[in-house]
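Have the model open as you read.

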Amino acid sequence: MYEKTHNAGSNGQGVTPALSQLQALDDVLAIAEFDGNGCVRQVNDNLLNLFGYQAAEVIGRHHSEFCLPDFARHPRYLVLWQDLMRGISGSGVIIAFHKTGRLIWVDVTWVPVADMSGKITSVLALVRPATDQTRHDFEQPALMYQQFQVAEVIHTAVMVSDGDGYIRYVSKGFTQLLGWEINGLNGINPVELLLSGIDESARQAVIRELSAGEPLEGEYLIQDKNQHRHWVRLVCYPIVNTHTRQVSHQVWMVHSVTHSKIYETLQQQVLEALVQERPLVDVLELICNEVERIAPDITATILELDNHGRLFPLAGPGMAKSFSRQLEGLQIGPDVGSCGSAAWFNHPVLVTDIATDPRWEPFRDQILPLGYIGCWSTPVCNNQGKVIGTFAFYFRQPLTERISLLHQYLIDVSTHLCSLALTREHARQRISQLAFYDSLTGLPNRSLLQAKLDQEVEAAAHRNEAVAVLFIDLDRFKQINDSYSHQLGDDVLVQVAQRLQCALRVTDIAGRLSGDEFLVVMPQCDKNQVQEAVSRLQAVLHEPLELSGTSLSVTATVGIAMFPNDGKTVDELIQHADLAMSQAKSCGRGQWAFFSNDMGQTAQERMRLESALRQAVKQGGLQLYYQPQITLHDNSIYGVEALARWYHPEFGMVPPSRFIPLAQECGLIAELGIWAMDTACAQLAEWQTQGIPIPAVSVNLSSTSFHDLSLPDTVAKILEKHGLEPHHLTLELTESVLLDSNVNTVTCLNEVNALGVRLSMDDFGTGYSSLSYLRRLPFSELKLDRSFVADLENDEIACSLSKAIMGIGESLHLTVVAEGVETCEQFNRLRDQGYPVVQGYLLARPMAPQSLLAWLDERQVIASLQGN
Ligand SMILES: Nc1nc2c(ncn2[C@@H]2O[C@H](COP(=O)(O)O[C@H]3[C@@H](O)[C@H](n4cnc5c(=O)[nH]c(N)nc54)O[C@@H]3COP(=O)(O)O)[C@@H](O)[C@H]2O)c(=O)[nH]1
């Protein structure tokens, strides 16, 4: 393309005439002067005219910017400039850019200019349009492309056609990319070769532009020699004969843009769809549609694989629905079509001939009539590598075993996108599962139940029908949970959930509200049907449950509210069914009840009472009364029992039999117990300071208080706070503590006992009465239940029992206190049976502290009178 010419200097360095000396050439030559870095320093008008620029547009720009990019990077061009800097001039014909983008052939002589020291400070380029002869030479394609070194060495696909529109030259890169060699292309037109597959109007536009001598640039989906498709960026530079003004040649450059095209058209769109949270099927259909647009020779389908190894079509807009339906629920296996096998082996499966491949045998009759002859399926995996679906290409054209790069790249990108879409969908489903389903039983949770009930109520209102809402509570579930294990409790809930579902109609909805509470919604159901359903449910739930070696029976209590009579809204219906359940429970286990309006009133009252009690416990609205206990042998005060009293301005005197269970139910009982201990100890300390002879105070505690491992510490602190000794305090517990399987209870009992605080077993004889427990647990005192005392006079059995209990106490070295002594007869019998301590109305009622002092005074007066 250019020749090296050494300058005349003897030392080999470039010694050239200065620009001033070249003025004569200025009229005929286009001249540019480059600085030592190769940037334009100055240019003359001829050069500007030749290239179509203004001076300001070229000054400062690097020489390489005026050449074809590939040429500017060409080693020989780089060597030319290295030589120039070493003082070696050169000349040659190059293709350069006119400002319009048109390519022009120019004949250039480069002359290095040295300063006095011999250092090259600039390069002069003497440029003229290529001479006719030169052009003629270069217009001979073979010669031109011998000269056009760029195409020979670079990998760009280049093709040159002549003025008649016939291909005359293709580069190695062209053959590598598209498969054609020059030998087979004689007499072929480049547009026909490359653009025969594009839209006809677009093709005509290309032809028009090319014949007008305009450069062409655009992206096209073309087919190569093997019918494989490529997205390419096509650039065509027409070379215009300066004499005839005719296009003498066209230089075509072909860049593969398949990757970026797929990225733009497929990946980008799909990612956008995912970001916009478009439904899964929409996203997957978008993938199929885009893939088919890029590669119209195939039909794409996407199947999902469920956890049971079954395939379900999700997308395949181009596939016949009749065929997709056949695949619904298809079990994967080693020879189940392309997709079933690909999912089974977690490996792509290419079937080139569906008609003969045994894996396609079961589906052949459906697929062949659709014209497909091959199918290539690739598994879609999640992040952990687990197969979650398949992505398949169906071909109507015969397939070779060698897959085209475009197809391979489409598969790679598409399976990745399918994986993203499916994984995201699974995550979404999981989130919704967590949000709307109970994780233990898999039943709808409260939120979903409410939404479903809302729908049913709306539909029922529209159709003027009834809906039954069943509130189901398992009886004694807490006890099961505590007595066995929480795992067993969970198993019970799971089995109950399963039984509920099996026993219901398909239209009914069962869900879990919380703990052992379930809700059933029964649309289109009258009261008789509900009653039948409830009996059936209770029977089914009562059948023994087999739980890892343990057989257990549970009962369930059911409350029922009917729409529209018992409530119009979801909240009202659930609340009323709950009330009915509580009401049923108060009648015993395994009962059921329909809601009635008076239950609502009772419940409201209860709620008001509960809130008043909460306030009383927290703000000191309770009071303690004290009932004396007398030692029989010397008539002295054994101690006093502290009993809580609550007077409320609106509710009046509320008896402990009402507010103690309420405190238990609403979680206030432990707090109430601490208050009672603190108040009783404060009172006893005050009495002791006053010298009043009360040796101890008994405080009733619920078994719940013994669940809290900090109780012993609390007790110790209270004693310390009031300056009392541990023996000044007795804690009374009912026998229910023996049934309590909470692991903390025994620890607390032992630690409280270790402090020196006495423990008393209250109401002994009415409940569990296990002697073995009595032996093992650190009790110091037994309190004979007052029901025995009440019957002492008339019932011989009661009499024998009280005697036996006294015997038990004696043998276990426990003090036995007989409570509820109302008559002298009872008193005498107990004394005769050897009871050491008695308590009851006969002696004194529970009293406010002031009254107790008055009672003590009176007692002293009597004693002194008796003494006299
Ligand atoms: N956990 C707590 N429980 C408490 C507390 N205060 C009371 N209670 C428990 O409430 C139940 C009812 O108590 P109350 O109405 O105070 O009845 C007590 C006595 O008044 C009653 N008693 C005493 N002598 C007689 C009698 O001769 N006849 C008769 N009919 N009743 C009598 O017995 C109750 C005392 O019982 P007990 O506790 O079993 O010793 C009751 O179970 C209280 O325990 C509290 O602060 N915390």
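How many nonpolar, polar and charged residues are in the lining of the largest cavity? The lining has 19 nonpolar residues, one polar and no charged ones. Keep in mind that this is a predicted model.

## The largest cavity

Searching the whole structure turns up four cavities of 30 Å³ or more. The largest cavity holds about 230 Å³ of space. Its lining is made of 20 residues, and those nearest the centre are Phe34, Phe51, His63, Phe66 and Val127. Quite a few elements give two or more residues to this lining: β2, β3, α2 (45–51), α5 (75–85), β4 (88–97), β5 (103–114) and β6 (120–129). The top contributor is β5, with three residues.

## The β2–β3 hairpin

Two of the elements lining that cavity, β2 and β3, also form a hairpin, with four residues between them. Strand β2 covers residues 30–35 and β3 covers residues 40–43; they run antiparallel and are joined by three bridges. Look for Ala32, which sits opposite Val43 in β3. In the turn, Gly38 has a positive phi of about 90 degrees.

## The second largest pocket

Now jump to the second largest pocket, with a volume of about 510 Å³. Of its 20 lining residues, Asn635, Trp855, Leu856, Arg859 and Gln860 are the closest to the centre. Helices α32 (824–832) and α33 (849–867) each supply at least two lining residues, and α33 gives the most, with ten.

Key. Residues numbered from 1 in each chain as written. Predicted model: local features only at pLDDT ≥ 70, side-chain atom pairs only at ≥ 80, totals over all residues. Heavy atoms only, no water. 1 Å grid on protein atoms, 1.4 Å probe; cavity = no way out; pocket = protein on both sides within 12 Å on 5 of 7 lines; lining within 4 Å. Points joined across faces, edges and corners; volume = space filled by probe spheres on them. Pairing = 2+ DSSP bridges. Nonpolar A, V, L, I, M, F, W, Y, C, P; charged D, E, K, R; others polar.
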